[in-house]
Amino acid sequence: QVQLVESGGGLVQTGGSLRLSCAASGLTVNRYTMAWFRQAPGKEREFVAAVGWSGDSTSYADSVKGRFTISRDNAKNTSSLQMNSLKPEDTAVYYCAVNRLTVSRYAYWGQGTQVTVSS
């Protein structure tokens, strides 16, 4: 059974930093794209960042470019999202996803971790 578990969310002030982690079990992630999405209250889920299987290829939403960094450790079956210069509009539930089917459809999803940025 595939399981993705996110951690590292919490409450932070504007301008602060958080590091999210995603631990995968039940599959070997080194064959798949890994990504992060987020969903704010009353809004649709949106793409945040993705990293290719080797870690060399990354992509970001325009809203987080230059502030967020996605990485992966295939040996540990994990992905991380370093978030700097956080803004109140970054407040959302953040989800880890693995195995891209389309740009917004992934085969496996975590349960999410809450990130709240206070102004």
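This is a predicted model: local features need pLDDT of at least 70, side-chain atom pairs count only at pLDDT 80 or more; totals for chains, interfaces and linings use all residues.
## A walk through the strands

Tryptophan 36 has alanine 49 as its bridge partner in β5. Together β4 and β5 make a hairpin, with six residues between them. In that turn sits glycine 42, whose phi is positive at about 80°.

Follow β5 onward. β5 also pairs with β6, a strand that covers residues 58-60. Three bridges link them, and the sense is antiparallel. Here valine 51 stands opposite threonine 58 of β6. β5 and β6 form a hairpin too, with six residues between the strands. Glycine 55 in this hairpin takes a positive phi near 90°.

Now turn to another set of strands. Strand β7 spans residues 68-73 and is joined to β8 by six bridges. The two run antiparallel. Phenylalanine 68 has its bridge partner in β8, and that partner is methionine 83. β7 and β8 form a hairpin with four residues between them.

Which residue in that turn has a positive phi? The residue is asparagine 77, with a phi of about 60°. Asparagine 77 takes this positive value although it is not a glycine. Its place is the loop between β7 and β8. Is asparagine 77 buried or exposed? Its relative accessible area is 13%. Buried means under 20%, so asparagine 77 counts as buried.

β8 has a further partner. Strand β8 (residues 78-83) pairs with strand β3 (residues 18-25). Six bridges hold this antiparallel pairing. One point to find on the model is cysteine 22, whose bridge partner in β8 is serine 79.

Asparagine 99 lies in strand β9, which covers residues 92-100. Asparagine 99 has a positive phi of about 75°, although it is not a glycine. Its relative accessible area is 17%, so asparagine 99 is buried.

Next comes strand β11, residues 113-118, which includes threonine 113. Threonine 113 has a relative accessibility of 11% and therefore counts as buried. What does threonine 113 contact beyond its neighbours within four places in sequence? The contacts are Glu6, Ser7, Gly8, Gly9, Leu20, Ala92, Val93 and Tyr94.

Last, the pockets. The largest pocket has a volume of about 150 Å³. Which residues line the largest pocket? The lining consists of Arg38, Gln39, Ala40, Lys43, Glu44, Glu46, Pro88, Glu89, Asp90, Thr91 and Ala92. By type, the lining residues divide into six charged, three nonpolar and two polar. Ala92 is a name to recall here: Ala92 is in the pocket lining, and Ala92 is also among the contacts of threonine 113.

Terms used. Residues are numbered from 1 along each chain as its sequence is written. Side-chain values use heavy atoms; hydrogens and water are left out. Buried means under 20% relative accessible area, exposed over 50%, partly exposed in between (1.4 Å probe, protein chains only). Contact means heavy atoms within 4.5 Å. Two strands pair if DSSP finds at least two bridges between them. On a 1 Å grid over the protein atoms alone, a cavity is a set of points where a 1.4 Å probe fits but cannot get out, and a pocket is an open set with protein on both sides within 12 Å along at least five of seven lines; lining residues have an atom within 4 Å of a point. Grid points are joined across faces, edges and corners, and a volume is the space filled by probe spheres set on the points. Ala, Val, Leu, Ile, Met, Phe, Trp, Tyr, Cys and Pro count as nonpolar, Asp, Glu, Lys and Arg as charged, and the others, Gly among them, as polar.
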